[in-house]
Amino acid sequence: MTPMACVLMAAITIESLVNKFCVYNLHHEIAEALEKLSPPEKLVVSSAILGFTGTKTLAPHEACKKLQNWRNSYAHGHC
């Protein structure tokens, strides 16, 4: 697998894991409302709902944001 394919798969996996977390751990009305947010935004909001603040300053949020930005660039032909 090429490095670009690995990064793309990592971005897709992160998005899937964040979505699953929201669906299985939050009330369905909250999970539905979060559907329109990006994975980094979902991570911040779902963490805050569970009582964990300051998520934006942590490495997982930064990694999720970088993967999402790369995925968006790739999907729109900017890579």
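Trainee: How many helices and how many strands does the chain have, and in what order do its elements run?
Mentor: The predicted chain is built from helical elements, with four helices and zero strands. Read from the N terminus on, these elements follow the order α-α-α-α.

Trainee: What share of the residues of the chain counts as buried?
Mentor: The C-alpha trace spans about 40 × 25 × 20 Å along its principal axes, and the accessible surface of the chain comes to about 5,500 Å², with 62% of that surface belonging to carbon and sulfur atoms. Of the 79 residues in the chain, the share that counts as buried is 20%.

Trainee: What span does helix α4 reach from its first C-alpha to its last?
Mentor: Helix α4 covers residues 59–75, which makes 17 residues, and at 1.5 Å a residue the expected span is 24 Å. The model comes close to that expectation, since the reach of α4 from first to last C-alpha is 24 Å.

Trainee: Why do the buried residues of α4 line one face of the helix?
Mentor: The residues concerned are H61, C64, L67 and Q68, which are buried in α4. Seen down the axis of α4, they line one face because the arc within which they fall is 130°.

Trainee: Which exposed residues does α4 carry on the face turned away from its buried side?
Mentor: On the buried side, the cover includes α1 (3–25) and α3 (39–49). The face of α4 turned away from that buried side carries the exposed residues A59 and K66.

Trainee: Is Q68 buried or exposed?
Mentor: Q68 lies in helix α4, and, leaving aside neighbours within four places in sequence, Q68 is in contact with E15, P39 and P40. The relative accessibility of Q68 is 8%, and the cut-off for burial is under 20%, so Q68 counts as buried.

Trainee: Which helices do the buried residues of α3 pack against?
Mentor: In α3 the buried residues are P39, P40, K42, S46 and S47. Seen down the axis of α3, these residues fall within an arc of 155°, so they line one face of the helix. Their packing partners are α1, α2 and α4.

Trainee: What relative accessible area does K42 have?
Mentor: K42 lies in helix α3, and, not counting residues up to four places away in sequence, K42 touches V18, N19, C22, L34, E35 and L37. K42 counts as buried, because its relative accessible area is 3%.

Trainee: How far apart in space are K42 and T2, C-alpha to C-alpha?
Mentor: In sequence, K42 and T2 are 40 residues apart. Taken from C-alpha to C-alpha, their separation in space is 29 Å.

Notes:
Residues are numbered from 1 along each chain as its sequence is written. This is a predicted model: local features need pLDDT of at least 70, side-chain atom pairs count only at pLDDT 80 or more; totals for chains, interfaces and linings use all residues. Side-chain values use heavy atoms; hydrogens and water are left out. Helices (H or I, at least four residues) and strands (E, at least two) are DSSP runs, numbered from the N terminus. The expected span of a helix is 1.5 Å times one less than its number of residues. Buried means under 20% relative accessible area, exposed over 50%, partly exposed in between (1.4 Å probe, protein chains only). The arc is that of the directions from the helix axis to the C-beta atoms. Contact means heavy atoms within 4.5 Å. Accessible areas come from the Shrake-Rupley method with a 1.4 Å probe; for residues, only the protein chains shown count as cover.
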